[in-house]
Amino acid sequence: MRLIDTYILRRVLMPLLAAVGIAMAALLMQRLIHLLDLFANRGGPLSIILKMLGNLVPFYLGIALPAALFIGVLYAGSRLSSESELDAMRASGMSLLRLMVPILALAVVLVMISSYLLGWLQPVTRFGYRALVHLVTDTQWDSAIERGAFFNGFGGKTILIGDISDGGRTLTKIFVNEKDDSGRSVILTAERGDLQKQSDFSLVLRLHNGVRSETSANGDATRAMTFTQLDLPLESIAPEPFRARGEKETELTFNELVKFYFNTPDYLDIEDITAELHERAVRTISILFLPFLAFPVGISSRRTSKSVRMIVGVLFLIFYYEVLQFGEAMVRRKALDAIPALWVPCAIFAACSLWLFWVADRKPGQDPLAHLFDGLNAIGAWFRRLLPRRLRKVAE
């Protein structure tokens with residue numbers, strides 16, 4: 001039995017890990033495109049992008065793990081069934097429930113991992129991601145700069161900008177007035193300037209084609225010089241401090257949600273706390289029932305192709321999580337309580353999954369999904385007949 005358990009576990013783990021890798025790569029690449037666009041407009045070191053992507057990993061991993069478990073179990077069940085290995089195991093006297101023992105042990109491990117991700121790691125890293133976005137996008141320069149108006153506060157400099165373009169990074173008709181440590185008055189004028197953000201998020205204004213004039217402290221001496229390029233550091237440019245973590249319910253850990261559920265502060269709504277708390281609990285518990293749904297779907301209706309069973313199973317899973325998101329929204333809007341909005345769909349999902357598994361285990365000749373798969377097969381065959389012969393060969 002230990003050998004069989006190891007074999008089944010290996011059958012599940014390989015597609016599970018592949019699904020996690022593909023899902024994480026797709027989700028992070030989609031977010032990376034958005035971040036590169038943000039940095040192209042705002043500037044900044046690329047190392048911040050890696051930190052932002054790192055903060056997104058727990059969030060996306062919480063999405064990918066349940067789906068990967070479902071796909072792994074479904075694929076393993078389909079392979080065992082199509083290669084007649086499942087028939088041989090059952091003929092030797094083993095039930096489906098006994099074959100599910102290593103899969104359920106894996107599901108328990110994923111429940112513990114997901115509870116940590118959803119309950120503690122995701123809230124902290126979500127706040128960290130938002131803080132980094134604030135660091136990149138919200139600076140004193142962004143809030144102070146205005147076309148055709150004087151502004152100061154950057155190391156004692158008084159600055160006037162004639163025109164602004166390229167998202168605030170290209171400036172024209174620039175005037176700068178400041179006093180140095182010896183009391184001299186320094187005036188800079190330039191045709192154009194480029195705003196460059198350094199690795200520490202300080203700013204340097206690179207001036208092009210301008211004049212620099214100095215006047216002594218007592219005003220009796222003045223000198224001027226022209227330049228083609230001059231770098232002007234802008235001090236005191238750090239962004240305003242980001243807000244404290246916990247002002248949004250999505251940034252609260254599980255124990256903080258429980259605490260605020262009984263003693264909600266004024267800046268939070270009890271409906272948001274309730275929806276967030278119950279939604280995390282339902283998502284975590286639902287992982288335990290995913291194998292009971294995936295395995296029957298995988299071994300049902302041998303006349304149906306593996307791809308059809310995979311697509312139908314994934315659609316079942318997507319529909320269930322869409323129902324949970326709808327229920328969470330209803331709780332936030334005070335339209336429903338948490339029990340009918342979230343726990344009732346969870347109970348229905350668990351009952352249907354256990355019933356399908358019971359039918360597959362106790363009544364091997366009866367397939368409750370056979371009619372569904374046969375109908376999908378008929379639709380697919382009808383669609384293939386409509387295709388031209390060359391496209392039909394590709395589809396087959």
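Phe357 is buried, with a relative accessible area of 6%. This residue belongs to a predicted model, in which there are six aromatic pairs.

- The ring centres of Phe292 and Phe357 lie 5.2 Å apart and their planes meet at 85 degrees, so the pair is edge-to-face.
- Phe292 is part of helix H9 (residues 290-299), while Phe357 is part of helix H11 (residues 338-362); the pair therefore ties together parts that are 65 residues apart in sequence.

**Other aromatic rings**

- The structure holds six aromatic pairs, and one of them joins Trp120 to Phe254 in a tilted arrangement, with 6.1 Å from centre to centre and 45 degrees between the planes.
- Since Trp120 sits in helix H5 (residues 101-137) and Phe254 in helix H7 (residues 254-262), this pair ties together parts that are 134 residues apart in sequence.
- Trp120 is partly exposed, having a relative accessible area of 37%.
- Phe254 also counts as partly exposed, at 28% relative accessibility.
- Tyr320, Tyr321 and Phe349 are linked into a cluster by ring pairs.

**Nonpolar cores**

- In soluble globular proteins, nonpolar side chains tend to be buried together.
- The largest nonpolar core here contains 63 residues, and Leu69, Leu96 and Phe295 are the members that touch the most others.
- Helix H2 (residues 47-82) is the main contributor to this core, giving 15 residues, the most of any element.
- Leaving aside residues up to four places away in sequence, Phe295 touches Val73, Gly77, Leu80, Leu86, Leu96, Met100 and Ile103.
- Another core, of 16 residues, lies apart from the largest one; Ile159, Ile161, Leu188 and Leu234 are among its members.

**Helix H8**

- Helix H8 (residues 270-286) consists of 17 residues.
- From its first C-alpha to its last, helix H8 reaches 24 Å, which is close to the 24 Å expected at 1.5 Å a residue.
- Helix H8 is mostly covered, as 14 of its 17 residues are buried.

Definitions and conventions: Residues are numbered from 1 along each chain as its sequence is written. This is a predicted model: local features need pLDDT of at least 70, side-chain atom pairs count only at pLDDT 80 or more; totals for chains, interfaces and linings use all residues. Side-chain values use heavy atoms; hydrogens and water are left out. Rings of Phe, Tyr and Trp (its six-membered ring) pair if their centres lie within 6.5 Å; planes under 30 degrees apart count as stacked, over 60 as edge-to-face and the rest as tilted. Helices (H or I, at least four residues) and strands (E, at least two) are DSSP runs, numbered from the N terminus. Buried means under 20% relative accessible area, exposed over 50%, partly exposed in between (1.4 Å probe, protein chains only). A nonpolar core is a set of buried Ala, Val, Leu, Ile, Met, Phe, Trp, Tyr and Cys residues joined through side-chain atoms within 4.5 Å. Contact means heavy atoms within 4.5 Å. The expected span of a helix is 1.5 Å times one less than its number of residues.
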